[in-house]
Amino acid sequence: MRDDVVIIGGGLAGSEAAWQAASSGARVTLHEMRPKEPTKAHKTGFLAELVCSNSLGSTDGGSAPGLLKEEMRRLNSLVIRVADEVRVPAGSALAVDRDQFSQKITQTLESHPNIRILREEIADVPADCVCIIATGPLTSDKLAAAIHRLTQSKHLYFFDAISPIIDADSINMDIVFRASRYDKGGADYLNCPMDEPTFNAFYDTMMAAEKVPPKEFEKNTPYFESCLPLEVMAERGRQTMLFGPLKPVGLDDPKTGTRPHAVVQLRAENRHGTCYNMVGFQTKLTYGEQKRVFRMIPGLEQAEFLRYGSVHRNTFINSPELLRNTLQLKTRGTAFFAGQLVGVEGYTESAAMGGLAGLNAARGLANLPLVTPPPTTAHGALLNYITTAEPKHFQPINTNFGLFPPLQDRVRDKEQKRARIVQRALEDFDGWRKTSGLS
C-alpha cells in the first residue's frame with residue numbers, strides 16, 4: 001500500500017480534498033490531466049477553474065448555502081478562504097474574480113510541502129492506495145469506463161435530468177389531495193388537480209416559455225426516452241403529458257369526487273416530509289420561467305423552489321447504492337468519491353464533499369477513525385441525503401433547508417425556524433469538530 005493519498009481531479013472538490021488531506025498531515029499526489037489533456041469546457045490549466053458562473057452562491061447566514069460556507073470556514077476550507085480573498089461585488093452572493101481564484105488555489109497547493117501535482121491523465125482507478133476520485137461532470141472517457149467497471153456500470157449516469165423540489169410549507173394543502181394511483185401504496189403523493197382550461201393555459205404558457213440553450217458539448221448528448229424534459233414531451237402533442245407525468249388515471253379528487261383532467265404529482269423528498277419533488281418535471285426552462293409557469297399549477301401558486309429543474313450533461317454515481325456515509329465505496333474501503341460525482345450540485349457543495357473525503361482519506365491512511373458530521377449540520381444533511389436517498393429516484397441536489405431534520409418543536413415563522421436550524425447546526429458542527437479532534 002502506498003504511503004500517500006492519491007487524488008484524481010483538480011477541480012474544486014479535488015483541490016479541497018488535497019488541501020484537507022495535506023493539512024491533516026498526509027502526503028498527497030494530485031493528478032490533473034489539464035492542460036495536457038483539455039476538456040470541452042475548461043479554458044486554462046489552473047486548478048479549481050470555474051467553468052460556468054463566477055458565483056459560489058449566497059453568503060446569507062440565515063440561508064442553507066450561507067450555513068454550508070460558514071461550516072467550511074470552521075474547517076479551514078481553502079476554497080472558501082480564497083473566495084473571500086478575491087471576492088467581487090455581488091450583493092449577498094460570494095462572487096469571485098475567477099482568474100485570481102483559480103490562480104491562488106493553484107499556487108497554494110503547488111507550494112504545500114505535502115502535495116505533489118502530476119499533470120497527466122489517469123485511465124484507471126488505482127487499487128494499491130487510498131484514492132479519491134473527484135473528476136466531476138467532464139470525467140474523461142477512459143476514467144469513466146474505469147468507474148463503470150468499479151461501480152458495476154448500472155450505477156453510473158452520464159446525463160442529469162433533475163426535477164424541481166418545493167418547500168412543503170409553501171404548498172397549498174387546501175387544494176392538493178393525498179393519494180396514490182388506484183390507492184396502491186397508501187396516500188404517498190400530493191396531487192395537484194387541473195381542469196381542462198387550466199391545463200390548456202399551462203401547456204400554452206410552457207410551450208412559449210424561454211428555455212436554456214444546450215452547451216456546445218451537450219448538443220449531441222441524447223435524452224433518455226424514459227426521462228425526457230417536460231417540454232420535449234409536450235412538443236409531441238398537447239395530449240402527450242396526459243399519458244405521462246400528468247396522467248390522471250386512478251386519481252380521483254376526494255374534494256370533488258371526480259377525476260381531474262390532469263394531475264401533477266409531488267413525491268416526498270425525505271422522511272421528514274419537509275420538501276417535495278415534482279414527479280417527471282425535469283425541464284430546460286430557465287429558472288425564472290419555471291417559477292412563473294409552475295406556479296400556474298393549482299396548489300403551487302406560492303411555491304418556494306428549493307431546487308429548480310434542469311437537464312444537462314453530468315456524470316455521477318448512484319451514491320445511496322454505492323457509498324458509505326464516509327464517502328468510501330462500500331465494496332472498496334480505500335476508494336473515496338467526492339464532488340459532483342457523488343450527486344451534489346453547485347461549486348460549494350462539491351468543495352464541501354471534497355473536504356470531507358480529504359479528511360477521511362487522511363484519517364484512513366493514518367489508521368484513525370473516520371468521521372461523519374451530524375445530519376443536523378449542512379455537511380451532514382447533504383451527506384445523509386446522498387447516502388440514504390431512495391436509489392431508484394436518486395438525483396443530484398444543492399444544499400437546502402428541506403434536507404435538514406425538523407426542529408423538535410414546531411415553529412411557524414419561516415425566518416425564526418431557519419434561524420433555529422442554523423443555530424442548531426453550528427452548535428452541533430462545533431461539537432462534532434471537538435469530539436473528532438478537528439478543532
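Here is a short walk through the cavity and the nonpolar cores of this model. The model is predicted, so local features need pLDDT of at least 70 and side-chain atom pairs count only at pLDDT 80 or more, while totals for chains, interfaces and linings use all residues. Residues are numbered from 1 along each chain as its sequence is written, and side-chain values use heavy atoms, with hydrogens and water left out.

The structure holds 1 cavity of 30 Å³ or more; a cavity here is a set of points, on a 1 Å grid over the protein atoms alone, where a 1.4 Å probe fits but cannot get out. Helix 1 (12–23) and helix 10 (347–365) each give two or more residues to the lining, and helix 10 has the largest share, 4 residues. Helices are DSSP runs of H or I, at least four residues, numbered from the N terminus.

Now for the packing. The largest nonpolar core has 94 residues, and F101, I132, L327, F337 and M353 touch the most other members. Such a core is a set of buried (under 20% relative accessible area, 1.4 Å probe, protein chains only) Ala, Val, Leu, Ile, Met, Phe, Trp, Tyr and Cys residues joined through side-chain atoms within 4.5 Å. Helix 10 turns up again, giving the most to this core with 9 residues. A second, separate core of 33 residues includes V176, M194, F199 and F202.

Terms used
On a 1 Å grid over the protein atoms alone, a cavity is a set of points where a 1.4 Å probe fits but cannot get out, and a pocket is an open set with protein on both sides within 12 Å along at least five of seven lines; lining residues have an atom within 4 Å of a point. Grid points are joined across faces, edges and corners, and a volume is the space filled by probe spheres set on the points. Buried means under 20% relative accessible area, exposed over 50%, partly exposed in between (1.4 Å probe, protein chains only).
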